[in-house]
Amino acid sequence: MSKSELERLVVEIQDAGQAWVEAKLRSDQLEADEKNYLAAIMNELDGAAIEGKIKLSEAKLERLARGGKGFRDYVVGRVMAQAETAKRKVRYEALQNYWEAKRSELAMEREKISKGIFHEGRG
């Protein structure tokens with residue numbers, strides 16, 4: 001592997017790591033906002049019920065909010081963001097493992113050269 005190939009690999013690992021961090025930020029934010037999003041839906045439902053002069057319990061408001069399309073879409077989006085985070089982490093870790101394998105291979109080559117071993121197999 002040439003120096004430029006190693007440099008490209010390092011850049012690719014850096015890019016993959018940054019992509020993982022960005023995806024993790026998105027998925028963590030969605031996870032952290034779940035209760036706030038649910039509360040916002042519940043507030044909307046409660047406001048509509050008050051205008052209609054109906055009193056709904058917290059449990060019923062939560063059930064209605066969780067059962068609605070808006071919250072379902074939110075959960076699907078959060079889970080998709082978490083899946084993207086996992087995919088990016090796998091790519092980053094695979095590149096790191098490839099780097100370590102190449103590093104070991106190059107160290108072995110250096111050791112062979114230092115001992116005067118220039119070929120493999122029986123001669």
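Here is a short tour of the nonpolar cores and aromatic rings in this predicted model.

Start by selecting Leu38, Ile41, Met42, Ala49, Leu56, Leu61, Ala65, Phe71, Tyr74 and Val75. Together these 10 residues form the largest nonpolar core. Now colour three helices: H2 (34–51), H3 (58–67) and H4 (69–114) each bring at least two residues to this core. H2 is the top contributor, with 4 residues.

Click on Leu61 next. Leaving aside residues up to four places away in sequence, Leu61 touches Met42, Leu45, Asp46 and Leu56.

Stay with the core and pick Phe71 and Tyr74. Both sit in helix H4, 3 residues apart, or about one turn of the helix, and both are buried. How do their rings pair up? Phe71 and Tyr74 are stacked, at 6.0 Å centre to centre with 25° between the planes. The structure has 4 aromatic pairs in total.

Select Leu9, Ala16, Tyr92 and Leu95, which are among the 5 residues of a second, separate core. Zoom in on Tyr92, which belongs to helix H4. Is Tyr92 buried or exposed? Tyr92 counts as buried because its relative accessible area is 19%, and the cut-off is under 20%.

Finally, show the neighbours of Tyr92. Again skipping residues up to four places away in sequence, Tyr92 touches Ile13, Ala16, Gly17 and Trp20. Try the distance tool on Tyr92 and Ala16: they are 76 residues apart in sequence, yet 5.1 Å apart in space, C-alpha to C-alpha.

Notes. Residues numbered from 1 in each chain as written. Predicted model: local features only at pLDDT ≥ 70, side-chain atom pairs only at ≥ 80, totals over all residues. Heavy atoms only, no water. Core = buried A, V, L, I, M, F, W, Y, C linked by side-chain atoms within 4.5 Å. Buried < 20%, exposed > 50% of the residue type's maximum accessible area, 1.4 Å probe, protein only. Contact = heavy atoms within 4.5 Å. Phe/Tyr/Trp six-rings, centres within 6.5 Å; stacked < 30°, edge-to-face > 60°.
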